[in-house]
Amino acid sequence: MSWPAWEALRGADLVLAADPAHPQLAAVRQAGVQVEIVERGTAPALARRLSTGSERVTVWLGSPDGDPGLTDALARLAVEEAGAVPEIELLPGSYDLPGARLLDLASVMDRLRSPGGCPWDAEQTHASLVKYLVEEAFELVEAIEEGDRETLREELGDVLLQVFFHSRIAEEHPEDPFSIDDVAGDIVEKLMYRHPHVFGDVEAEGTAAVEANWEQLKAAEKQRESVLDGVPAGLPALAYAAKLVSRVRRAGFTAVPDAPYELPTELTAESAGRLLLAVAQRAHDAGVDVDAALRASARGYRREVRAAEGLAD
């Protein structure tokens with residue numbers, strides 16, 4: 001709690017609360033503050049009870065649900081009986097630290113997945129959620145590329161939900177369970193390990209040195225044999241080719257020559273694939289994200305077609 005909140009509690013003549021399972025109740029009582037548990041009742045009735053006794057200071061320990069209607073009832077009472085009721089002050093007991101709402105998301109996800117929650121959520125598996133994870137990831141990419149801030153915020157939430165959903169399902173595994181805390185703990189350890197220039201005593205001058213150090217640490221960590229180990233084959237074809245090229249270039253691997261960069265006499269499945277690979281190789285060398293570039297051109301093509309059809313984009 002904030003220091004002003006502790007001062008208010010220690011100086012109060014009476015401290016009241018309605019929830020015996022209030023998350024702060026144990027700490028408050030351990031600090032020597034006596035708390036009386038009362039029935040909350042209706043908001044107007046509670047407001048009236050809290051405002052009686054002008055000679056003493058009464059503190060209400062707000063309920064986790066925010067005590068719906070209490071603020072309005074207190075404000076109405078203060079206006080209607082100005083001078084007849086004691087001074088009313090709303091004092092924040094604590095301020096959320098960054099990431100505090102993630103605890104709320106974990107709680108909501110647990111409620112949805114637990115008995116008495118949502119039947120649909122309870123039936124889902126890692127496999128059944130894959131399509132939603134892929135869809136949400138692509139919708140997030142679209143929001144970023146379109147520069148749509150409102151949609152970006154929404155889609156980030158949808159992707160975050162997938163992480164919490166999969167982690168909640170993983171808790172139920174009979175032999176190898178893990179939780180969202182395990183997932184978060186693992187990534188914290190990984191980030192600290194792969195950033196020795198931030199959390200250790202390694203010197204890294206510039207982005208290139210950081211990336212080289214990252215790849216070296218990752219290769220040692222995962223005991224990879226090939227420069228291409230770890231590239232997911234399930235990536236979309238063009239993104240997969242671009243990732244392979246990126247790995248080859250970073251490793252300085254030159255044993256395999258680049259694909260010829262020329263339009264073949266006859267376009268077949270093989271020659272078209274080689275040409276696309278050649279484009280991915282040259283695009284990487286030019287600092288172009290070939291996958292994003294193709295999506296941008298495709299969106300432009302879509303606008304041209306709709307305009308030709310007399311339709312607004």
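**Close-up views of the predicted model**

The structure holds 12 salt bridges. It is a predicted model.

**View 1. Arg-168 and Asp-110 form a salt bridge.** Their side chains meet at 2.9 Å, N to O. Arg-168 lies in helix H8 (residues 149-170) and Asp-110 in helix H5 (residues 100-113), so this pair ties together parts that are 58 residues apart in sequence. Arg-168 counts as buried, at 11% relative accessibility. Asp-110 is partly exposed, with a relative accessible area of 34%.

**View 2. Glu-172 forms salt bridges with Arg-113 and with Arg-168.** For Glu-172 and Arg-113, the closest N and O atoms are 2.8 Å apart. Glu-172 sits in the loop between H8 and helix H9 (180-193), while Arg-113 belongs to helix H5, so the contact ties together parts that are 59 residues apart in sequence. Arg-113 counts as buried at 10% relative accessibility. Glu-172 is partly exposed, its relative accessible area being 40%. The side chains of Glu-172 and Arg-168 meet at 2.9 Å, N to O.

**View 3. Five residues are linked in a network of salt bridges.**

**View 4. Three strands make an open sheet.** The strand order is E2-E1-E3, and the pairing is parallel. Strand E2 (36-37) and E3 are the edge strands, each pairing on one side only. Strand E1 (residues 14-17) pairs with E3 over three bridges. Leu-16 stands opposite Trp-60 in E3.

**View 5. The largest pocket has a volume of about 1,300 Å³.** Its lining counts 38 residues. Closest to the pocket centre are Val-59, Trp-60, Glu-89, Leu-90 and Leu-91. Helix H1 (3-11), helix H3 (43-51), strand E3 (58-60) and helix H4 (70-80) each supply at least two lining residues. H4 gives the largest share, five residues. By class, the lining has 20 nonpolar, 13 polar and five charged residues.

**View 6. Residues 124-199 carry a UniProt domain annotation.** The unreviewed entry labels this span "NTP pyrophosphohydrolase MazG-like". The span is 80% helix and 0% strand. Its end C-alpha atoms lie 39 Å apart.

Definitions and conventions
Residues numbered from 1 in each chain as written. Predicted model: local features only at pLDDT ≥ 70, side-chain atom pairs only at ≥ 80, totals over all residues. Heavy atoms only, no water. 1 Å grid on protein atoms, 1.4 Å probe; cavity = no way out; pocket = protein on both sides within 12 Å on 5 of 7 lines; lining within 4 Å. Points joined across faces, edges and corners; volume = space filled by probe spheres on them. Helix = DSSP H or I, 4+ residues; strand = E, 2+ residues; numbered from the N terminus. Nonpolar A, V, L, I, M, F, W, Y, C, P; charged D, E, K, R; others polar. Pairing = 2+ DSSP bridges. UniProt positions renumbered as here; feature names shortened; annotations may be inferred. Salt bridge = Lys/Arg side-chain N within 4 Å of Asp/Glu carboxyl O. Buried < 20%, exposed > 50% of the residue type's maximum accessible area, 1.4 Å probe, protein only.
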